[in-house]
Amino acid sequence: MFSADDHRYMARALELAERGLYTTTPNPRVGCVVVREGIVAGEGWHERAGAPHAEVNALSAAGGRARGATAYVSLEPCAHQGRTAPCVRALLEAGVARVVAAMQDPNPLVSGKGLDELKRAGVAVAVGVMEEAARELNIGFVSRMTRGRPWVRMKVAASLDGRTALSSGASRWITGEAARRDGHHWRARACAVLTGGGTVREDDPQLTVRDVPTSRQPLRVVVDSKLETPPGAKILAGGGTLVAAAQKDAAKIAALEAQGAEVVVIPNRAGKVELPDLFRELARREVNEVHVEAGFRLNGSLVREGQVDEALVYLAPAFIGDNALGMVDLPELRELSGRRELAIRDLRMVGPDIRVIARFK
């Protein structure tokens, strides 16, 4: 169905799409290549919400050479009026003869409609080339559109024996500089960075992106059931931090709001934050990917409640010992059949440390 050229040009469209890795949220990352008679006439990618879409940028670069050409797009062209005009209209006005999309848009406002409109106008349409790669690039957007919740990635830095901090809570630094820098890349691509109130009180982290050039900082989210985040905490600096609580305490809420934070109260029956509801709330705020950097207790709660999709684990070549804190606080198993299994997606060295990316089955 698809030729070698189709794969080659779509690979280029995906490469272009990845240039928006840190900037397009809440929109998907999309690239487009316009090809006429075996020659690339124009290229483009979506840079940020409100800016022209990939197709418009590629068509603008192609000019009159787009007539009769093939447009390779990493995601189905939109057919609805959003922050910008529909891309289908731009493709039709440019006279494109064929459109190849890597995947159908999971957005219900778009899904299938863009492709159908192109077909009705006589444009040849094909979809599915390099679909898995396209889906991976926008895994958070797909999750939000199809599941009503973001893609949740839990980052852990640990010793080779799985320890994340001393019993005193000291954890700086278990892994090396290269691993910490790599972690900032994952922060930068996320829409939100989430941690727990205990981590805020013990480590006072900023949780900003610093080691990667970026024009956008992710939303910072603190899960703090009892509203114990100090008003002077670094994570509140600059305002805009979201604090998720399980109780309404007017004085504590006012103190946090005075620092520019927003407080949402989402309790469960146990007096803790209802985590599934929190992630639904983040999806409502158009958060695609959540990057978790928390302590082993919140990590455990997230895993127990089935809220973690992917683990990003950095392992340092060192042993710390059994008295130190682990990665995830989980109840003791009586049988190995009760273990939570993961599938390893990537394994590589980052400086002297090992980086493992694994997904829960």
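I began with a rule: a charge sits over a ring if NZ of Lys or CZ of Arg is within 6 Å of the ring centre and within 35 degrees of the ring normal. I found the charged end of Arg180 over the ring of Trp173, 4.5 Å from its centre. I also found the charged end of Arg19 over the ring of Trp45, 4.7 Å from its centre.

I noted that this is a predicted model, where local features need pLDDT of at least 70, side-chain atom pairs need 80 or more, and totals for chains, interfaces and linings use all residues. Residues are numbered from 1 along each chain, and side-chain values use heavy atoms, without hydrogens and water.

Next, aromatic pairs. Rings of Phe, Tyr and Trp (its six-membered ring) pair if their centres lie within 6.5 Å; planes under 30 degrees apart are stacked, over 60 edge-to-face, the rest tilted. My search of the whole structure gave one pair. The centres of Tyr9 and Tyr72 are 5.3 Å apart and the planes are at 40 degrees, so I wrote "tilted". Tyr9 is in helix α1 and Tyr72 in strand β3, 63 residues apart. (Helices are DSSP runs of H or I, at least four residues; strands are E, at least two.) Both Tyr9 and Tyr72 are buried, meaning under 20% relative accessible area with a 1.4 Å probe, protein chains only.

Last, helix α4, residues 113-120. Which residues of α4 are buried? I listed Gly114, Leu115 and Leu118. They cover an arc of only 100 degrees around the axis, so they lie on the same side of α4. I took the arc from the directions from helix axis to C-beta atoms. Just after α4, Gly122 has a positive phi of about 90 degrees.

Conventions: Buried means under 20% relative accessible area, exposed over 50%, partly exposed in between (1.4 Å probe, protein chains only).
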